[in-house]
Amino acid sequence: MPNRSTRTAATSGRESVDVVGLAAKSKRDLVVDLARVFCVFAVVMMHSLMVGLYRDGDAIGQINPLQTQSWFALATWVGQIMPLFFVVGGFAGAVSWRSAMRRGTTPGEFLRTRLVRLLRPALPLLVFLTVVLWVLVLCGVDRGVVDIVAAGVGMPLWFLAAFISCQAFLPIVHRWHVSRPAPTIATLVALSVIVDAARILSGVQEIGLFNLVFVWLAVQQLGFLYADGWFARRARWQLAAGAVASYALLALLTYTLHIYPVDMLTNLNPATVPLILLGVAQVCILHLLYPLLRIAMTLKPVLIATFFVGSRAMTIYLWHLPIIVALSGGLFLSGWVDSVPGSGAWWATRPLFVVAVWLILGALSLAVVRWERPAKAALQGLRQTGTVRIRVAALLAFAVFVAEIQWGWSLLLLTLTAAVIAVALRLVTPGREITVNAQPS
């Protein structure tokens, strides 16, 4: 997210090139901010196209119109941007951890700060969904239908399990990265391959849950390399070769050997090795486009949009699917949009639909973004929380989000998760800081 000096310049009418100059002095990489915002836009766009409602007699059915398209599986090689999300997260994590070490921050204190930033914005959503869905049950809506809705609107929350594990292990793998970068990433990739092989050969899908840790830690290491300037030091032909080689190996594993599905969304949960290859290709392409992206970030509209979305990226990510589902249902029941999902008429409504989603997200974020910005006191009172409490909080949060990956959301699991996250957040938030009306720090 652009820093305070960047925000001031972006909103006070100064020339955009001055903003970039200020960001450069603060050692901020604006292209990373732009990449993060691009990932958020891509996620919202894809999910906006994946919710289609239709009438089946007196009942209402749901279908993913994208999966009916012959080109969709291959399109996920571009549209599946979660690896880039974790690359950018690895970059930000490395920069934050190095700064924390200079201040004398311990790994436990670092993890506590990251948990506060992750769990605070998640809790209001969990409470809201729990209350709304229980109200539907009390109003007579079939429990099975409510569970289906819960599974749909809560689907993106798997991300929190993966990101919590990355933050918990970050100080350790970063230390290994500093001393032995190549063996560290090679080991994580090898462990990912072993888990995939065990899952495929045994047929026990639960084994793949281990790659929720290994795969995303491997992708996070790419972010460490980015922070080191490793990719920036590569020649353009090397970056192009890296991207081509990654996609070629991906084609070999999917189209030729049929070891993995071609659809990269199918490879998401449980996470599989192809996501590492996607991460390599995406970070190489990011650096190939780096000169153009730097120019783009000198344009005031791009800079302002990047700040607005980047300053509330977690809020937008967490709330976008409930809004998409609610808007889709409201338009469908009203009769305004009652076309067959995937038809020409349905596609014709998508641009306006996406604009409506973003307008609602923008308005909603004004009310709930404060949860994404912990009070300064909440981040400064680090030593008030014991290491054991921090680890217990991380484990509790990780466990409930893994349960969603394994079994899918239901009303009961959603209710349990809201309670567990409230407890976890209380464990890492001294005093009454959970409810502080926070300002940007």
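**Helix crossing and salt bridges**

1. In this predicted model, helices H5 and H10 cross in a right-handed sense. The axes of H5 (residues 82-102) and H10 (residues 211-228) come within 7 Å, and the crossing angle is roughly 55°. H5 is therefore oblique to H10.

2. On the H5 side, the residues in contact are Met82, Pro83, Phe86, Val87, Gly90, Phe91, Ala94 and Arg98. H10 contributes Trp216, Val219, Gln220, Leu222, Gly223, Phe224, Tyr226, Ala227 and Asp228. Sorted by class, this contact comprises 12 nonpolar, three polar and two charged residues.

3. How many salt bridges does a search of the whole structure find? The search gives three. One of them joins the side chains of Asp228 and Arg98, with an N to O distance of 2.6 Å. Because Asp228 belongs to helix H10 and Arg98 to helix H5, this pair ties together parts that are 130 residues apart in sequence. Asp228 has 32% relative accessibility and so counts as partly exposed.

4. A salt bridge also links the side chains of Arg36 and Asp33 (3.2 Å, N to O). These residues are three apart in helix H3 (residues 30-48), which means that about one helical turn separates them. Both Arg36 and Asp33 are buried.

5. In the salt bridge between Asp196 and Arg199, the closest N and O atoms are 3.8 Å apart. Asp196 and Arg199 lie three residues apart in helix H9 (residues 181-202), so they are separated by about one helical turn. Are they buried or exposed? Asp196 and Arg199 are both buried.

Key
Residues are numbered from 1 along each chain as its sequence is written. This is a predicted model: local features need pLDDT of at least 70, side-chain atom pairs count only at pLDDT 80 or more; totals for chains, interfaces and linings use all residues. Side-chain values use heavy atoms; hydrogens and water are left out. Axes are lines fitted to C-alpha atoms, for helices over the stretch in contact, and angles run from 0 to 180 degrees between N-to-C directions. Helices (H or I, at least four residues) and strands (E, at least two) are DSSP runs, numbered from the N terminus. Angles under 35 degrees count as roughly parallel, over 145 as roughly antiparallel, 65 to 115 as roughly perpendicular and the rest as oblique. A crossing is left-handed if the near helix is turned anticlockwise from the far one by less than a right angle, and right-handed if clockwise. Contact means heavy atoms within 4.5 Å. Ala, Val, Leu, Ile, Met, Phe, Trp, Tyr, Cys and Pro count as nonpolar, Asp, Glu, Lys and Arg as charged, and the others, Gly among them, as polar. A salt bridge is a side-chain nitrogen of Lys or Arg within 4 Å of a carboxyl oxygen of Asp or Glu. Buried means under 20% relative accessible area, exposed over 50%, partly exposed in between (1.4 Å probe, protein chains only).
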